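Subject: Structure for you to look at

Hello,

Here is the structure I said I would pass on. My notes on what was found in it follow below.

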Amino acid sequence: MSYAVNDILLATDLGPGSAEALAQGLRFARLFGARLHLLTVLQPSPYTGAFVDDMDREAVARLRGRLIQHTRDELEAQVEACCAAQADAQARSRIASVQVLEGGATQLILDETARLGVGFILLGSHGHSAFGELLLGSIAHKVTVKANVPVLLVPLNR
């Protein structure tokens, strides 16, 4: 049985260590001759109820749009810096898409995995203890348990 990987999904929170996860993603994309899809998920705004009801809906939409654009710009800047540091001159061309979505991270990562038909998911892992994971939850853990493709975790902050 042959296992081909044409597309890889790298989900990042743009936190400390995300540059290393991106560098790893580019290395795997080169190794497999695959395209790398980048995804950052913004959690829905915690500001609901009276606060949002008192604001103009258009103002809220503009603020959300600016936040998404700022996050996308940050991700693109990280991509450019990482690609410039790569010995591989083709690094930038390996990146097929850059997305910033809003919603539940686990479900959006799984949805994009299916939509893009990726061969595996690459995630950074902060390495919470089992007890910490029980208390805090872990997107990496939830994706690993629910994904129907392999998930590779890159240790961060070690």
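A residue is called buried here when its relative accessible area is under 20%. By that cut-off Thr 71 is buried, because its relative accessibility is 7%. Thr 71 sits in helix H3, which covers residues 57–85. Setting aside residues up to four places away in sequence, Thr 71 touches Leu 14, Thr 40, Leu 42 and Val 100. Please keep in mind that this is a predicted model.

Overall layout

The chain contains six helices and five strands. Read from the N terminus, the order of the elements is β-α-β-α-α-β-α-β-α-α-β. Of the 158 residues in the chain, 41% are buried. Among the contacts with a separation of 6 or more, 81% are between residues 24 or more positions apart. The chain exposes about 9,100 Å², and carbon and sulfur atoms supply 56% of that area.

Helix H1 and the cores

Helix H1 runs over residues 18–32. H1 has 15 residues and spans 21 Å from its first C-alpha to its last, close to the 21 Å expected at 1.5 Å a residue. Gly 33 follows H1 and has a positive phi, near 65 degrees.

Which residues of H1 are buried? They are Ser 18, Ala 21, Leu 22, Ala 23, Gly 25, Leu 26 and Ala 29. What do the buried residues of H1 pack against? Their partners are strand S1 (7–11), strand S2 (35–42), H3, strand S3 (95–102), S4 and strand S5 (151–155).

The largest nonpolar core has 23 residues. The residues with the most contacts inside this core are Ile 8, Leu 10, Leu 22, Leu 26, Leu 36, Leu 38 and Ile 95. Two or more residues each come from S1, H1, S2, H3, S3 and S4. H1 gives the most to this core, with five residues. Another core lies apart from it and has 16 residues, among them Leu 9, Val 41, Leu 108 and Ala 147.

Leu 38 is worth a look on the screen. Leaving out neighbours within four places in sequence, Leu 38 is in contact with Leu 10, Leu 22, Leu 75, Val 79, Ile 95, Ser 97, Val 98 and Gln 99.

Aromatic residues

A search of the whole structure turns up two aromatic pairs. In one of them, Phe 28 and Phe 120 are arranged edge-to-face, with 5.7 Å centre to centre and 85 degrees between the planes. Phe 28 belongs to helix H1 and Phe 120 to strand S4 (residues 120–125), so the pair ties together parts that are 92 residues apart in sequence. Phe 28 is partly exposed, with a relative accessible area of 23%, whereas Phe 120 is buried at 7% relative accessibility. Phe 28, Phe 120 and Phe 32 form one aromatic cluster.

Salt bridges

Side chains of opposite charge can pair when their charged atoms come close. The structure holds seven salt bridges. Arg 72, Glu 76, Glu 80 and Arg 92 are linked in a network of them, and the individual bridges are described next.

Arg 72 and Glu 76 form a salt bridge with an N to O distance of 3.7 Å. Both residues are in helix H3, and because they are four residues apart, about one helical turn separates them. An α-helix has 3.6 residues a turn, so residues three or four places apart point the same way. Arg 72 is partly exposed, with a relative accessible area of 30%.

Glu 76 also pairs with Arg 92, the closest N and O atoms being 3.1 Å apart. Arg 92 lies in the loop between H3 and S3 while Glu 76 is in helix H3, so this pair ties together parts that are 16 residues apart in sequence. Arg 92 counts as partly exposed, at 32% relative accessibility.

Glu 80 forms a salt bridge with Arg 92 as well, and here the closest N and O atoms are 2.7 Å apart. Glu 80 is in helix H3 and Arg 92 in the loop between H3 and S3, so the pair joins parts that are twelve residues apart in sequence. Glu 80 is partly exposed, with a relative accessible area of 41%.

Regards

How values were computed:
Residues numbered from 1 in each chain as written. Predicted model: local features only at pLDDT ≥ 70, side-chain atom pairs only at ≥ 80, totals over all residues. Heavy atoms only, no water. Phe/Tyr/Trp six-rings, centres within 6.5 Å; stacked < 30°, edge-to-face > 60°. Buried < 20%, exposed > 50% of the residue type's maximum accessible area, 1.4 Å probe, protein only. Contact = heavy atoms within 4.5 Å. Expected span 1.5 Å × (residues − 1). Core = buried A, V, L, I, M, F, W, Y, C linked by side-chain atoms within 4.5 Å. Areas by Shrake-Rupley, 256 points an atom, 1.4 Å probe, with all protein chains shown as cover. Salt bridge = Lys/Arg side-chain N within 4 Å of Asp/Glu carboxyl O.
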